[in-house]
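Subject: Structure handover and notes

Hello,

Below is the structure we talked about. Please keep it open while reading the notes that follow.

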Amino acid sequence: MEDGIRKESRTSTGLDKADRKTDERFMREAIKQAKKAYALDETPIGCVIVHEGKIIGRGYNRRNTDKSPLAHAEITAIKKASKKIGDWRLEDCTLYVTLEPCQMCSGAIIQARIPRVVVGCMNPKAGCAGSVLNLLQVERFNHQAELTTGVLEEECSGMMKQFFKELRERKKREKKGGASAL
């Protein structure tokens, strides 16, 4: 573990087999949520929050659908988990998310006191769990989260790449169709 971040690798150093299997099991559930976003033509990001081995909150990206910058997978899952537990503090939970959280979601994770975050793939352009910044482990804050990255990374990353490839192709077709109509 380097700087409080465990990087899941093909050899899975730092994680025993039981931890790795559990992380993969719940990341698959987050991937199911991401596929719901994909089906809505939303950026495919999914999240689940686990307490005592059970999922208590689920969410997927709905920014365009809901016309809201707050409709991120993590925010939705945190709201549902807090309601289920009956407290805003999610101190005994683990959050699984397919894409590295942004600054808003990282802030919400810290505010909710979630002690552990498991990330599928990183977001070098906007990630705030180690890529651009690491807001989850700022020592001056009153709470930090343990971070594990790279869980089912290829699957999570592949879904994102496929989504954006299809989006670029669709926009190209629309532009070409619009130009011929002039």
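A residue is called buried when its relative accessible area is under 20%, exposed when it is over 50%, and partly exposed in between, using a 1.4 Å probe and protein chains only. Helices (H or I, at least four residues) and strands (E, at least two) are DSSP runs, numbered from the N terminus.

The model is predicted, so local features need pLDDT of at least 70 and side-chain atom pairs count only at pLDDT 80 or more, while totals for chains, interfaces and linings use all residues. Residues are numbered from 1 along each chain as its sequence is written, and side-chain values use heavy atoms, with hydrogens and water left out.

Overall picture

The chain has 182 residues, and buried residues make up 45% of them. Its secondary structure comes to 5 helices and 6 strands. Along the sequence these follow the order β-α-β-β-α-α-β-α-β-β-α. A contact means heavy atoms within 4.5 Å. Of the contacts between residues at least 6 apart in sequence, 59% join residues at least 24 apart.

Strands

Two strands pair if DSSP finds at least two bridges between them. β2 (residues 46–51) and β3 (residues 54–60) pair in the antiparallel sense over 6 bridges. Within this pairing, Ile49 has Gly57 of β3 as its bridge partner. The two strands form a hairpin with 2 residues between them, and Glu52 in the turn has a positive phi of about 50°.

β2 also pairs with β4, in the antiparallel sense and over 5 bridges. Here Val50 is bridged to Thr94 of β4. β4 (93–99) is joined in turn to β5 by 5 bridges, and these two strands run parallel. Thr94 turns up again in that pairing, with Arg116 of β5 as its bridge partner. How many residues of β4 are buried? The count is 7 of its 7, and the strand is mostly covered.

Around α4

Arg113 is a residue other than glycine, and its place is the loop between α4 (103–111) and β5. Arg113 counts as buried because its relative accessible area is 19%.

Loop residues

Leu152 also has a positive phi, of about 55°, although it is not a glycine. Leu152 sits in the loop between β6 and α5. With a relative accessible area of 17%, Leu152 is buried.

Gln137 lies in the loop between β5 (116–121) and β6 (146–149). Is Gln137 buried or exposed? Its relative accessible area is 16%, so Gln137 is buried. A polar contact is a pair of N or O atoms within 3.5 Å; within protein, one must be able to donate a hydrogen and the other to accept it, and residues adjacent in sequence count only if both atoms are side-chain atoms. The side chain of Gln137 makes one of 2.9 Å with the side chain of Asn134. The Gln137 side chain also reaches the backbone oxygen of Ala145, at 3.0 Å.

Asp92 is in the loop between α3 (73–85) and β4. Its relative accessibility is 61%, so Asp92 counts as exposed. Leaving aside neighbours within four places in sequence, Asp92 is in contact with Val50, His51 and Pro115. Asp92 and Pro115 are 23 residues apart along the chain, and their C-alpha atoms are separated by 6.9 Å.

The largest pocket

A pocket is found on a 1 Å grid over the protein atoms alone: it is an open set of points where a 1.4 Å probe fits, with protein on both sides within 12 Å along at least five of seven lines, and lining residues have an atom within 4 Å of a point. The largest pocket is lined by 23 residues, and Thr43, Leu99, Asn123, Met160 and Phe164 lie nearest its centre. The elements that give two or more residues to this lining are α3 and α5 (153–181). α5 gives the most, with 5 residues.

Regards
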